[in-house]
Amino acid sequence: MKMEDVLIEVLEAIKPSEEERNFLMSLMDELKGVVNETASELGVEVRPYFVGSIAKDTYLAGDHDVDLFLAFPLDVPPERLREDGLKLARAVAEKLGNYEVAYAEHPYVRAVYRGISVDLVPCYDVKSWRDVRTAVDRSILHTEWVNRHVNGRNDEIRVLKRFLKGIGVYGSEVYIRGFSGYLAEILVITFGSFTDVLRRADEMIKYRVIDPENWLKKEPSLASSTVKRELDSDRPLIVIDPVDPRRNVSANLSWEKYGIFYLKSAEFIRHPSMEFFFPGKKKRGDYRTELRRRGTHILTLIFEVPGIVDDLLLPQVEKTAKSLEKALGREGFRVLGRNFGRNFIMLEIDRVEREAISIKEGPEFFSERAPDFYSKNKKVWIMGKRLYSEKAVNSSIVDVVDELLRKNRVSIGRSIREEVRASKILIDYVPRDLEGEAWSFLTRKKWSVKD
């Protein structure tokens, strides 16, 4: 197919219908009315804002999550914002139907109304980046900026979002680390169109810094500090937030996800196809078969999930997985791959048993450290000029992991410390609900760019 024909067909599939638009507009009017009514009943001064893709008209057909922010005056103390914000959000949600309280920097409420998920999020009524007090405050500014600059390119943004979804790199959540919707909007606004963004993939990675609002000239000290910090952190891309020179919009974007975007962009330009946007469902294999083929093993830790949101939970799980990988390397086990999720850590390892003794190289026998080494070790010998010793160690990786956790030799995220220490340690077996995850991990389909 020609590129023009592909893009026309994609847009027909993802652009909301007039009926859909009218439904959402009606829904938003109702929600705004409920908020104003409830705030008046509670005597709370608040201004409702719709943010996110629906408020920017960059949403895809059928993607209807609503973000409704409850903006308090700037002079409200943080403690009162937290208390009154949650109280108001609960009261609104009770009028809407089912809801639950979730926790991020401060509590918010997730309700369901007329079949649509509605997040009720307390925040401050900010007018500029200088007013920002909490992580969510910028969302109001983001929405305003996109609506001022989109200039009719809403459909171009929709196509880019669908492309990113199709190639598996959409979403800035820590378990995805791809492109956020806001980042996709900025890229189209900056470069002009969906295809222009794809054609700039190589240029972006070479120059690394995108500054849509020219903060490097308007706020050189802050913007330069942001660029340096992010370069030092080895981010693949630095997009200085158009509404805040202190922030990199693409801070969560990983090298792996940008790499997939980079390669798939070039491939799409060469060979346009609907497959990039709507990939066929791939068959899942058996992880046990893959283990036999590879001649390796899979070590899995299963643990209880504490009651915190994924944005706080998953970085701690990742930190723990990385530390465990390093600790096992020091113990003589080769880790070939790492994977993690809300309640598990998976490592592909070269073996499950090691030698029952550990050989330790000591100092030269005539050095100052030699007497200390000699006194602390039971079995000592000399080879050349050096002292050596050996000690009995656990040979099974299960025992090794258990010892590493018990003796605090793994750096575990603070909120999951007890849960990880109480993990079930599994070898070459995973629960049924993780079989697909294990296969995807072992085959590297989870990160694949070419089969």
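Is Arg177 buried, partly exposed or exposed, and what is its relative accessible area? Arg177 is partly exposed, at a relative accessible area of 23%; buried means under 20%, exposed over 50% and partly exposed in between, with a 1.4 Å probe and protein chains only. The model is predicted, so local features need pLDDT of at least 70 and side-chain atom pairs count only at pLDDT 80 or more, while totals for chains, interfaces and linings use all residues. Residues are numbered from 1 along each chain as its sequence is written, and side-chain values use heavy atoms, with hydrogens and water left out.

**View 1. Two loop residues with positive phi.** Arg177 has a phi near 60°, a positive value in a residue other than glycine, and is found in the loop between H6 and helix H7 (181-191). Helices (H or I, at least four residues) and strands (E, at least two) are DSSP runs, numbered from the N terminus. Asn151 also has a positive phi, near 50°, and lies in the loop between helix H5 (138-149) and helix H6 (154-166). Asn151 is exposed, with a relative accessible area of 61%.

**View 2. Helix H18 and its cover.** In helix H18 (residues 435-443), 7 of the 9 residues are buried, so the helix is largely enclosed by the rest of the structure. Among the buried residues are Glu435, Trp439 and Phe441. Their cover includes helix H13 (287-294), strand S8 (297-302), strand S9 (335-341) and strand S10 (344-349). Arg444, with a positive phi near 65°, follows H18.

**View 3. The second largest pocket.** This pocket holds about 1500 Å³ of space. Of its 50 lining residues, Gly168, Lys257, Ile260, Lys446 and Trp447 are the closest to its centre. On a 1 Å grid over the protein atoms alone, a pocket is an open set of points where a 1.4 Å probe fits, with protein on both sides within 12 Å along at least five of seven lines; lining residues have an atom within 4 Å of a point. The largest share of the lining, 6 residues, comes from H12.

**View 4. The largest nonpolar core.** Among the 76 residues of this core, Phe163 and Phe261 touch the most other members. H7 gives the largest share, 8 residues. A nonpolar core is a set of buried Ala, Val, Leu, Ile, Met, Phe, Trp, Tyr and Cys residues joined through side-chain atoms within 4.5 Å. Beyond its neighbours within four places in sequence, Phe261 is in contact (heavy atoms within 4.5 Å) with residues including Phe163, Phe179 and Met204.

Key. Grid points are joined across faces, edges and corners, and a volume is the space filled by probe spheres set on the points.
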